[in-house]
Amino acid sequence: LMNNIYKIFTNISRKNNSVIIFDIDETLINNNGEKIDEIINFFNYIKYNNFIPIIITARPNNNKSILYTENQLKKFNITGYKYIYFMPKGYNVENYKKIARKDIIQKGYKIEMSIGDKYWDIGKYSNLGVLVKSEKNKIKIKIFYIKPKNNNKTLKDDTQFTNIKDT
């Protein structure tokens, strides 16, 4: 199933500013605190191929959460990411994730792919989106091409999801 992600990934022409966005919960690590090997392997694969991994999580932006998350990521050898974004108080998850992706673009990066378990993980400002569903040692994915509804390249709030692969 993950072969579809690798196949699509190999068609992305890497630039010096190409990034892949990852969510943590139910993407890299399941709700039982166990690693999701297929996604972690892909995380390491993109680093090996000189893409820049960035993590955007809805985990709270406080010292306890940051320390716990950093230790958990190290435990599963999820290292070498350029940035990790934690959600500040007062935001809803969907808007926060969109604002974080916009910040990445404003820093000069091009988001080639976003991977997460919810639509807000892969929404606006992404090129390709991969939705991950992990159940009982099995992983299912849906891959989307994401573009503005008005078919131009401006950064508008309207986003259209076109399903590419469903596995």
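Lys118 is partly exposed, with a relative accessible area of 38% (buried means under 20%, exposed over 50%, and partly exposed in between, using a 1.4 Å probe and protein chains only). The side chain of Lys118 meets that of Asp117 in a salt bridge, 3.5 Å from N to O. This is a predicted model, in which local features need pLDDT of at least 70, side-chain atom pairs count only at pLDDT 80 or more, and totals for chains, interfaces and linings use all residues. Residues are numbered from 1 along each chain as its sequence is written, and side-chain values use heavy atoms, with hydrogens and water left out.

**Salt bridges**

- The count comes to seven salt bridges, where a salt bridge is a side-chain nitrogen of Lys or Arg within 4 Å of a carboxyl oxygen of Asp or Glu.
- One of them joins the side chains of Lys35 and Asp37 at 3.5 Å, N to O. Lys35 counts as partly exposed at 41% relative accessibility, and Asp37 is partly exposed too, at 38%.
- Another joins the side chains of Asp121 and Lys97 at 2.6 Å, N to O. This pair links distant parts of the chain, with Asp121 in helix H5 (residues 119–122) and Lys97 in helix H4, 24 residues apart. Helices (H or I, at least four residues) and strands (E, at least two) are DSSP runs numbered from the N terminus.
- Both Asp121 and Lys97 are buried. Through shared partners, salt bridges join Asp23, Lys97 and Asp121 into one network.

**The cavity**

- Rolling a probe the size of a water molecule over the atoms shows where empty space is left.
- The structure holds one cavity of 30 Å³ or more; on a 1 Å grid over the protein atoms alone, a cavity is a set of points where a 1.4 Å probe fits but cannot get out, and lining residues have an atom within 4 Å of a point.
- The largest cavity has about 30 Å³ of space, a volume being the space filled by probe spheres set on the points, which are joined across faces, edges and corners.
- Its lining is made by Ile21, Phe22, Asp23, Ile56, Lys97, Arg101, Ile115 and Asp121. Strand S1 (18–22) and helix H4 (93–106) are the elements that give two or more residues to this lining.
- Four lining residues are nonpolar, none is polar and four are charged (Ala, Val, Leu, Ile, Met, Phe, Trp, Tyr, Cys and Pro count as nonpolar, Asp, Glu, Lys and Arg as charged, and the others, Gly among them, as polar).

**A loop residue**

- Asn30 lies in the loop between S1 and helix H2 (37–48), and Asn30 is buried, with a relative accessible area of 14%.

Conventions: On a 1 Å grid over the protein atoms alone, a cavity is a set of points where a 1.4 Å probe fits but cannot get out, and a pocket is an open set with protein on both sides within 12 Å along at least five of seven lines; lining residues have an atom within 4 Å of a point.
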